[in-house]
Amino acid sequence: MASQPPRRRRLEVEDIGDIAVVNFVDKKILDEQNIQMIGDDLNRLVDELGRRKILLNFGNVEFMSSAALGKLISLHRKLQQVQGKLVLCKIAKDILDVFKITKLDKLLTIVPDEQAGLQAF
Amino acid sequence: MANGSMSANPVTAEFTIPSDLSEARLLQARLEEALHASQYSEHDIFGIKLAVEEALVNAIKHGNQLDPDKRVEVSFQITYERFDIKIVDEGPGFNPDEVPDPTDPANIERPCGRGLLLIRGFMTEVNYHGRGNIVTMTKLRNGTPEE
């Protein structure tokens, strides 16, 4: 096992084939410091660990504000640049409205559940 | 604070908080409690909390620039029919019409403007006053605006 960073993990990552399935530890994605750490961890998956297919599972997330959206867009762009793909799944109905109102549901690939997500690559 | 009845007695509260986002979270917790006590639906509570979160972050970060000497005044009223809130910061204000449209493909990667869009999307009515440092927002119960 690699040594753990001193801070609490924000993400749980499971590899299913060549797809990194990412679950959020936090139920609320609000705090700027947390969002920064989530963004850093997501970037590390691509830049350092070489992941090209990332499935973000929002099943655990109950609340999320606009502050987190920038990180998702950055990750989407980063993966596009390396011919990778970002897919989002299991987004609660209310949070889905956040994506719809900001029209990010048109930019990002959003599917209902993890099974559909795994097939979306 | 809240009596939980469906009577016409409004629940009112006023807070003055420092320019600190953790104070905003405490306020949100009290607001959520009051909305639950007034038997608002989870869907309405989500929308109200999201809009209030975005407006408080705007007031604390963009308005007061996280200045510890500046305060944010918040007052809200909850009745059976509607939720009203007023948020006042001490910043220079802004013109909401000049904020770039974040849904425009040219701006889609810019970090600004989505909060305002979400506030309008989740609340029934939103108005800016004064120099733009005062926002009033209303959500009618089950009054989710059509997209």
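H2(B) is a mostly covered helix: 17 of its 22 residues are buried. Keep in mind that this is a predicted model. The other helix to look at here is H1(B), with 17 residues, and one of its buried residues, Gln28(B), gets a closer look below.

**Helix H2(B)**
- With 22 residues at 1.5 Å a residue, H2(B) should span 32 Å, and its end C-alpha atoms sit 30 Å apart, which agrees.
- Just past the end of H2(B), Gln65(B) has a positive phi of about 55 degrees.

**Helix H1(B)**
- From first C-alpha to last, H1(B) reaches 25 Å, close to the 24 Å expected at 1.5 Å a residue.
- Its buried residues are Leu21(B), Ala24(B), Leu27(B), Gln28(B), Leu31(B), Ala34(B) and Leu35(B).
- Looking down the axis of H1(B), you find those buried residues within an arc of 125 degrees, so they line one face of the helix.
- An α-helix has 3.6 residues a turn, so residues three or four places apart point the same way.
- Leu26(B) and Glu33(B), on the other side of H1(B), are exposed.
- The cover over the buried residues of H1(B) includes helix H1 (32-47) of chain A, along with helix H2 (42-63) and strands E1 (11-18), E2 (71-78) and E3 (82-88) of chain B.
- Just after H1(B) comes Gln39(B), again with a positive phi, this one about 60 degrees.

- Gln28(B) belongs to helix H1 (residues 21-37) of chain B.
- Its relative accessibility is 5%, so Gln28(B) counts as buried, the cut-off being under 20%.
- Setting aside neighbours within four places in sequence, Gln28(B) is in contact with Lys49(B), Val52(B) and Glu53(B).

How values were computed. Residues numbered from 1 in each chain as written. Chains lettered and ligands numbered in written order. Predicted model: local features only at pLDDT ≥ 70, side-chain atom pairs only at ≥ 80, totals over all residues. Heavy atoms only, no water. Helix = DSSP H or I, 4+ residues; strand = E, 2+ residues; numbered from the N terminus. Buried < 20%, exposed > 50% of the residue type's maximum accessible area, 1.4 Å probe, protein only. Contact = heavy atoms within 4.5 Å. Expected span 1.5 Å × (residues − 1). Arc of directions from axis to C-beta.
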